[in-house]
Amino acid sequence: MSVIVLIPLAAVTVKAVSSGLGTFWSSVTNSFAVSTLEVTLGTSVLVAAISAVMGTLVAWVLVRDEFPGKRFINALIDLPFALPTIVAGLTLITLYGPNSPFGLHLAYAWAGVLVALLFVSLPFVVRSVQPVLIELDREVEEAAASLGASNLTTLRRIVLPSLRPAILSGTALAFARCMGEYGSVVLIAAKVKIASLVIFADIENGAPQAAASLSVVLLLIAVLVLFALRRWGDRGAR
Amino acid sequence: MRVSRRARLSLRGIALLYLLILLLLPVGAVFIRTFEHGFSTAWSWITTPAAVSAFWLSVVIALIAVPLNTIFGVGTALLLARSKVRGRKLLNSLIDLPFVVSPVIVGLALVLVYGQGGWFGSWLLKHGIMIIYAPAGMVIATVFVSLPFVVREVAPVLLEAGDEQEQAAATLGASSWQTFWRVTLPSIRWGVAYGVVLTTARALGEIGAVAVVSSNVAGSTLTLPLLVQQRASQIGAGQITGAYAAATELAVMSLIVLLAMTVLGPRRAR
């Protein structure tokens with residue numbers, strides 16, 4: 001475990017500060033690095049937020065609704081986990097690229113990246129909310145309704161609070177995935193500054209120190225997400 | 001919560017529309033594009049020497065990475081669920097690291113350790129061992145990114161099952177090895193199977209980490225996902241059809257994985 005995971009990650013950190021802290025600082029605070037981080041963070045937050053809402057909605061429909069083909073749809077949710085990300089990227093180019101059958105031109109622009117990230121992060125929230133929703137005691141909801149609570153009140157006061165840990169941990173995983181995504185956006189992003197692509201370009205251009213510096217910032221964010229997950233996970237387990 | 005019929009139908013509509021636009025349409029489009037010039041054209045793209053070698057490289061990498069991660073995963077899950085070792089909590093957090101770290105960073109890290117000028121680089125060079133820009137590095141990268149799946153599937157099952165049966169086996173005189181094979185393993189088998197399926201999916205589809213440590217030479221260090229990327233970014237007659245063909249090949253493999261997930265998923269929950 002430590003040989004495979006920790007030593008290499010330590011090497012990245014060492015490389016980042018190998019020419020002194022000053023160099024590290026200037027490679028993460030120059031305007032290109034800052035705008036890269038801004039674009040990546042902003043997009044990831046937006047995608048995580050949309051995923052949280054749509055994922056919860058989809059989970060609700062899959063648990064509480066009955067319709068023909070539900071099992072098929074349920075199996076379909078895992079598709080982004082099973083499908084190699086490069087295939088996902090290619091599919092999105094096909095649909096929204098220059099030869100789009102709908103005349104939509106999202107490829108090589110930020111909107112295309114957004115769609116790609118929504119695709120790969122879809123299952124996280126659905127799959128974390130679904131089991132909790134199945135276990136949820138419906139009697140409490142019925143009690144609330146019989147005491148005169150409207151649907152909205154029940155949703156806000158009863159359902160959402162019990163789902164919150166699951167929604168949060170699913171969203172955190174989706175966010176982390178977006179921050180580091182490479183395969184699905186590599187074909188569609190072009191000049192959009194997504195951190196993974198910038199790091200990759202730095203490596204190819206023989207600038208490992210710049211690549212390592214940006215990586216350290218991403219690593220810090222990843223570790224923060226990990227700690228957040230642990231806290232929500234523990235609360236969810238209680 | 002009793003929802004009116006109209007609200008329920010509209011929620012269902014929104015959910016299905018979202019899934020249709022995001023999932024079904026794109027995947028369907030790739031199948032159509034693959035076969036738009038006929039089945040034989042698609043087949044010839046899949047059977048070029050580069051494509052065949054990419055297919056086998058992907059399979060071989062998965063065949064090495066998946067068993068390694070399965071053994072490691074079951075061992076770690078046992079450690080997390082059954083022992084009281086110090087640092088267990090830290091290990092529990094660290095296990096998820098590959099899920100939240102960008103695969104490109106994983107690749108970079110491996111280059112910095114095993115590559116030319118890296119920590120072990122000169123030693124490896126002296127002994128003539130190639131890791132970076134060679135299949136060995138691609139295997140290590142794949143092991144890294146697919147590390148947590150088995151642990152995360154097996155550990156909860158172990159906790160859920162408790163250790164009473166194992167203790168009973170021990171009192172009846174079973175060795176710890178016997179206990180593992182006869183008691184523990186049967187109780188976690190669906191969890192292991194599901195974890196293996198997830199690991200396989202990730203191993204076959206990984207591109208970010210592998211791309212950094214691959215030399216991108218067709219026929220030797222090109223996996224199927226890398227081949228798709230290479231063909232898709234090349235401009236030339238039919239190259240894009242080749243990309244679609246290789247993508248369909250991958251999609252069919254992931255469809256098999258998806259089927260396995262659907263079959264194993266509910267069993268694991270029991």
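This is a predicted model: local features need pLDDT of at least 70, side-chain atom pairs count only at pLDDT 80 or more; totals for chains, interfaces and linings use all residues.
A crossing is left-handed if the near helix is turned anticlockwise from the far one by less than a right angle, and right-handed if clockwise. I wrote that down first, as I wanted to look at helix pairs.

Residues are numbered from 1 along each chain as its sequence is written, while chains are lettered from A and ligands numbered from 1 in the order in which they are written.

**Confidence, chain A.** I checked pLDDT (the predictor's confidence in each residue, from 0 to 100). Chain A has a mean of 82, and 91% of its residues reach 70 or more. Among its elements, helix H1 (residues 2-16) of chain A has the lowest mean pLDDT, 77, and helix H3 (residues 31-64) of chain A has the highest, 90.

**Chain B overall.** I found 14 helices and zero strands in chain B (DSSP runs numbered from the N terminus: helices are H or I with at least four residues, strands E with at least two). Its C-alpha atoms fill a box of roughly 70 × 70 × 30 Å along the principal axes. Of the 270 residues in chain B, 46% are buried (20 or more other C-beta atoms within 10 Å of a residue's own; exposed is 12 or fewer, partly exposed in between, with C-beta atoms placed from the backbone).

**Domains.** Chain B is divided into domain 1 (1-34) and domain 2 (39-269); such bounds come from an automatic or database domain assignment. Their C-alpha centres lie 31 Å apart. Five residues of domain 1 of chain B are in contact with six residues of domain 2 of chain B (contact: C-beta atoms, placed from the backbone, within 7 Å).

**Helix pairs.** I noted each angle and axis distance (axes are lines fitted to C-alpha atoms, for helices over the stretch in contact; angles run from 0 to 180 degrees between N-to-C directions). Helix H10 (residues 164-171) of chain B and H11(B) cross at roughly 145 degrees, with axes that come within 10 Å. Their crossing is right-handed. B:Gln165, B:Glu166, B:Ala169 and B:Ala170 in H10(B) meet B:Thr179, B:Arg182, B:Val183 and B:Thr184 in H11(B). I count three nonpolar, three polar and two charged residues in that contact (Ala, Val, Leu, Ile, Met, Phe, Trp, Tyr, Cys and Pro are nonpolar; Asp, Glu, Lys and Arg charged; the others, Gly among them, polar).

The crossing of H3(B) and H9(B) is right-handed. Their contact divides into 11 nonpolar, four polar and one charged residues.

**Chain B against chain A.** I got 60 residues from chain B and 65 from chain A in the contact. H1(B) gives the most to the chain B side, with 15 residues. That side has 47 nonpolar, eight polar and five charged residues.

**One residue.** I picked B:Ala29, found in helix H1 of chain B. Why does B:Ala29 count as buried? Because B:Ala29 has 20 C-beta neighbours inside 10 Å. Leaving out residues up to four places away in sequence, B:Ala29 touches A:Thr91, A:Thr94 and A:Leu95. I also noted B:Tyr244, 215 residues from B:Ala29 along the chain, with 9.7 Å between their C-alpha atoms.

Key:
Two residues are in contact if their C-beta atoms, placed from the backbone, lie within 7 Å.
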